[in-house]
Amino acid sequence: MNTNWRLANWEERADLYDLFVEDRTRDIAFYTGFANETGGPVLEVGCGSGRILLPIAARGHQGVGVDFSNKMLDRFRRRLSREDDVVASRIKLLCQDIAATPLEKDTFSLVFFAFGMLGFLIEEGEAARAVSNAARSLKPGGTLIVERRNRFADRYHTAREFDWIKKWPEKSATVCQSHTDLIVDSTRQIRQTLYFYEGIDSAGQHFAFQQVLYFREFSSLEIEELLRSAGLQVTNYFGDYDRRPFAPDQPRIIVVAQKVD
Ligand SMILES: C[S@@+](CC[C@H](N)C(=O)[O-])C[C@H]1O[C@@H](n2cnc3c(N)ncnc32)[C@H](O)[C@@H]1O
């Protein structure tokens with residue numbers, strides 16, 4: 001499978017990524033809470049710059065982060081270099097494509113696909129390979145969590161969180177983000193999101209550029225099917241990070257499954 005162009009999309013997003021996610025904190029508490037319940041080691045699929053996995057390690061758990069983008073992992077490494085040595089030593093980073101390279105078998109107590117990670121696996125069979133790889137890496141009795149924004153409830157929950165103006169300290173700039181979504185393959189539920197950036201740097205120079213990502217939608221039933229096909233048993237559905245029950249109008253689809261002993 002050639003994932004080069006999708007990798008390029010992520011390499012391009014790395015510089016802005018931490019700014020993009022700086023307001024997201026509720027999911028950190030959610031995954032840290034699960035890690036405290038299951039214990040480690042914990043695997044995050046598509047760990048990016050370490051926004052979630054680092055706080056989990058700070059709570060005393062061993063963690064492995066998998067990501068196919070070295071530029072995203074470089075941000076994580078930079079963050080680790082500023083951390084306490086004991087916390088940093090709990091984390092191992094693997095640069096690989098989750099759908100292509102097998103992980104160590106029967107190793108993790110908790111594995112998760114956070115912040116819509118599954119939706120980046122847009123090719124036919126790719127999400128199934130990734131979930132099956134992740135499931136194989138779970139210890140017997142271990143927990144796997146897959147989470148997506150509930151696009152089917154978007155008429156209730158708009159995506160205004162993706163339109164903003166922020167200070168961009170790394171570039172001494174102020175930057176404005178807006179976005180637009182386009183369905184590019186309705187049969188396979190694939191959408192293109194274009195992000196537009198425009199701003200002014202410290203020298204007063206204007207800049208503008210755009211970036212693109214592709215997402216595939218998965219309904220709760222499709223996610224359940226992926227988990228079952230990987231030999232897991234679905235144990236819980238949540239509709240948001242506060243663990244409220246899932247219902248079609250809730251903002252997130254969070255499916256929890258277990259590898260039965
Ligand atoms: C939305 S970011 C999430 C990062 C982090 N989990 C967070 O919540 O901040 C998705 C991450 O998945 C990575 N990714 C996308 N496709 C991947 C693949 N096939 N294998 C491994 N990583 C992948 C991207 O490089 C990116 O860092």
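How many residues of domain 1 are in contact with how many residues of domain 2? I put this question to a predicted model, and I found that nine residues of domain 1 are in contact with eight residues of domain 2. On the domain 1 side of this contact, I counted three nonpolar, three polar and three charged residues.

**Domains.** I then looked up the bounds, and the domain assignment gives 4-151 + 218-258 for domain 1 and 160-215 for domain 2. The C-alpha centres of the two domains lie 23 Å apart.

**Sheet.** I traced an open sheet of seven strands, whose pairing is mixed and whose order reads E3-E2-E1-E4-E5-E11-E10. Strand E3 (91-95) and strand E10 (233-238) stand at the edges with a single partner strand each, so one side of each has no neighbour in the sheet. From one strand to the next, I noted a twist that averages 15°.

I looked next at strand E1 (residues 42-45) and strand E4 (residues 108-113), which run parallel and are joined by three bridges; here Glu44 stands opposite Phe112 in E4. Helix H2 (residues 26-38) packs on the sheet, where it touches E1, E4 and strand E5 (138-149), and its direction makes about 165° with that of E4. Helix H6 (residues 126-136) also packs on the sheet and touches E1, E4 and E5, with a direction that makes about 145° with that of E5.

**Helix pair.** I checked helix H1 (residues 4-20) against helix H4 (residues 70-81), and they pack with their axes 7 Å apart, at an angle of about 30°. Angles under 35 degrees count as roughly parallel, which makes H1 roughly parallel to H4. In this contact, Trp10, Glu11, Ala14, Tyr17 and Asp18 of H1 meet Lys71, Met72 and Arg75 of H4, and the residues divide into four nonpolar, no polar and four charged.

**Ligand.** Which residues come nearest to the ligand? Of the 21 residues around the ligand, I listed Trp10, Gly46, Gly48, Ser69 and Phe115 as the nearest. The shell around the ligand divides into 14 nonpolar, four polar and three charged residues.

**Hairpin.** Last, I followed strand E6 (residues 164-168) and strand E7 (residues 173-185), which pair in the antiparallel sense over five bridges. Ile165 has Cys176 in E7 as its bridge partner. The two strands, E6 and E7, form a hairpin with four residues between them, and in the turn I noted Ser172, which has a positive phi of about 45°.

Key: Residues are numbered from 1 along each chain as its sequence is written. This is a predicted model: local features need pLDDT of at least 70, side-chain atom pairs count only at pLDDT 80 or more; totals for chains, interfaces and linings use all residues. A residue is near a molecule or strand if its C-beta atom, placed from the backbone, lies within 6 Å of it. Ala, Val, Leu, Ile, Met, Phe, Trp, Tyr, Cys and Pro count as nonpolar, Asp, Glu, Lys and Arg as charged, and the others, Gly among them, as polar. Domain bounds come from an automatic or database domain assignment. Two residues are in contact if their C-beta atoms, placed from the backbone, lie within 7 Å. Two strands pair if DSSP finds at least two bridges between them. Axes are lines fitted to C-alpha atoms, for helices over the stretch in contact, and angles run from 0 to 180 degrees between N-to-C directions. Angles under 35 degrees count as roughly parallel, over 145 as roughly antiparallel, 65 to 115 as roughly perpendicular and the rest as oblique.
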